[in-house]
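Reader: I have a structure open and would like to learn how to read its features. Could you walk me through a few?

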Amino acid sequence: MDWRPYAARAMGLGAPVVSMVADGLPVTVRARSVVRTRRGFEVLLPAGVTGSPGPVCLTFHRSSGTGGQENVVLLGSTTGSGDLLEVEVERALNDWSLAGGAVGRTWSFVRHAKELRKRVRAEAARRDQPVPVVRR
């Protein structure tokens, strides 16, 4: 999924959570800052955290105490190392934000159901796995 339409909204949600592999181990940290670039983002990691080239996930999100939440998840790779990562974004995951009141959140579930089913089928095919079955 093209990530560009999601980038402006992502920037409005604050610094992302960065998930990556560093020194052979999975690491998830909140970025100190993020700057949009033509190919993705420049991400400043917290002091003492060192990134390395490889796959990366940026999760921009905000939640409220009343059950609403907004998120943008972008996947890509980084060529940077140290505490400043240059992230080239490759794709966005489907958005499932639940902003607004109860009616708005319900409508969001209904509106996204078709997209989610399509995405689940595509992701299962990509992984050469059967589509999960939800049992009631």
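Author: Gladly! Helices (H or I, at least four residues) and strands (E, at least two) are DSSP runs, numbered from the N terminus. Here, V120 is found in helix α2, residues 102-126. This is a predicted model, where local features need pLDDT of at least 70 and side-chain atom pairs pLDDT 80 or more, while totals for chains, interfaces and linings use all residues. Residues are numbered from 1 along each chain as its sequence is written, and side-chain values use heavy atoms, leaving out hydrogens and water.

Reader: Thanks! How do I read a salt bridge, and how many does the structure hold?

Author: Side chains of opposite charge can pair when their charged atoms come close. The term here means a side-chain nitrogen of Lys or Arg within 4 Å of a carboxyl oxygen of Asp or Glu. The structure holds seven. One of them joins R39 to E88, with the closest N and O atoms 2.6 Å apart. R39 sits in the loop between β3 (33-36) and β4 (40-44) and E88 in strand β7 (residues 84-92), so the pair ties together parts 49 residues apart in sequence.

Reader: Which residues are linked in a network of salt bridges?

Author: R119, E123, R126 and R127. Within it, E123 pairs with R126 at 2.4 Å and with R127 at 3.0 Å, N to O.

Reader: Is E123 buried or exposed?

Author: Buried means under 20% relative accessible area, exposed over 50%, and partly exposed in between (1.4 Å probe, protein chains only). E123 is buried, at 13%, whereas R126 counts as exposed, at 55%.
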